[in-house]
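Work through the exercises below with the sequence and the model side by side. Try each task before reading its solution.

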Amino acid sequence: MGWLDKNPPQGSLYYQRRWVKLDVDYLRYFDNDKEVYSKRIIPTAAITGVTNVGEQKFEVVTTNRTFLFRAESDSERNEWVSVLQNFTKGRQEGSREITASVPPSLLTPGSPLTPEQQGYLELRGLRSKLYTVVSGDKVFLYKNDYRLGIGITSIDMNVGNVKDTDRRSFDLTTPYRIFSFLADSEQHKEQWVEAMRDAIGEALSNSEVANQIWAEPSNGCCADCGAAKPEWAAINLCVVVCKRCAGEHRGLGPSISKVRSLKMDRKVWTEELIQVFLLLGNERLNGFWAANVPPSEAL
Ligand SMILES: [Zn+2]
């Protein structure tokens, strides 16, 4: 993540300074580094190419739009380009393995596969309606048709609370912001409120396994890189790893490392398996593997 300048919107001459965050699933940009909700969210799955265009600039190409960014130096720019290119390359190579264990809807939340509820809603303070999608434990906001994949922001429902406010309106409250929505009928409002409450329920039950596993302190950090709150596990090796390292494990093939999510693959997590993870923990396991794996094959 870091600061980048985004090319001027139509009709303006000035670059806009944006705080940009990249993870395995999304490239997002924000007004500033304190902001929780992005101005734009681009699924990495929608990125078809990343190119260097000179003068510290680079282009991120998606099927329906190209984003131009400018870094502060050539070396910074090169870093962004190489990380982004790695993601798109890794995705093509690893996609078969990933889609085998994760429902496709979670890889591309913009895809029309499993929204619980979707449609246009008015959001107080905005003139145009937003295409809103409730999917899994998240709510996504889009300017237009969500099938294009590029949205405004996503809202994690684990910290959400939904309250009826009037005949057609309701509030989604998070610690960071209140989203006041207006549906086009009372009946639609009730459907939206129910779908968003279900998403909150799903978010809370999704984090149950993770919270149990993290109760063993050494499981609170990725076994490979030390990143906090790792949400993935190699269930045959009994190690908990972050999303990025999970990708590397997947690359080793399922016979060496069987990667599952603490939050999404809920059926895998029997009480017995959770107990094994609590007994062993990242710390002791890493010592064991380091002692038994030839250096050339160290994970
Ligand atoms: Zn890691």
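**Exercise 1: A lysine in a loop**

Lys263 sits in the loop between strand S17 (259-261) and helix H5 (271-292). The model is a predicted one.

Task: Find which residues Lys263 touches, leaving out residues up to four places away in sequence. Then find the side chain with which the side chain of Lys263 makes a polar contact.

Solution. 
- Step 1. List the contacts. Lys263 touches Asn206, Ser207, Ala210 and Glu231, once residues up to four places away in sequence are left out.
- Step 2. Look for the polar contact. The side chain of Lys263 makes one with the side chain of Glu231, at 3.3 Å.
- Step 3. Check the cut-off. A polar contact needs a pair of N or O atoms within 3.5 Å, and the Lys263 to Glu231 pair is at 3.3 Å.

**Exercise 2: The zinc site**

Task: Name the protein donors of the zinc ion.

Solution. 
- Step 1. Identify the donors. They are the SG atoms of Cys222, Cys225, Cys242 and Cys245, lying 2.3 to 2.4 Å from the zinc ion.

Task: Are Cys222, Cys225 and Cys242 buried, partly exposed or exposed?

Solution. 
- Step 1. Set the limit: buried means under 20% relative accessible area.
- Step 2. Cys222, at 4%, is buried. Cys242, at 10%, is also buried.
- Step 3. Cys225 has a relative accessible area of 48% and is partly exposed.

Task: How many disulfides are there?

Solution. Apply the cut-off of 2.5 Å between cysteine sulfur atoms. The count is zero.

**Exercise 3: The partners of strand S14**

Task: Work out how strand S14 (residues 178-182) pairs with strand S8 (residues 117-123) and with strand S13 (residues 169-173).

Solution. 
- Step 1. Take S8. S8 and S14 pair in the antiparallel sense over two bridges. Leu123 has Phe181 of S14 as its bridge partner.
- Step 2. Take S13. S13 and S14 run antiparallel and are joined by five bridges. Thr173 stands opposite Ile178 in S14.
- Step 3. A hairpin of four residues links S13 to S14.

Note on methods:
Residues are numbered from 1 along each chain as its sequence is written. This is a predicted model: local features need pLDDT of at least 70, side-chain atom pairs count only at pLDDT 80 or more; totals for chains, interfaces and linings use all residues. Side-chain values use heavy atoms; hydrogens and water are left out. Two strands pair if DSSP finds at least two bridges between them. Buried means under 20% relative accessible area, exposed over 50%, partly exposed in between (1.4 Å probe, protein chains only). A polar contact is a pair of N or O atoms within 3.5 Å; within protein, one must be able to donate a hydrogen and the other to accept it, and residues adjacent in sequence count only if both atoms are side-chain atoms. Contact means heavy atoms within 4.5 Å. Donors are N, O and S atoms within 2.8 Å of the metal (3.2 Å for Na, K and Ca); water is not among the atoms, so sites may look incomplete.
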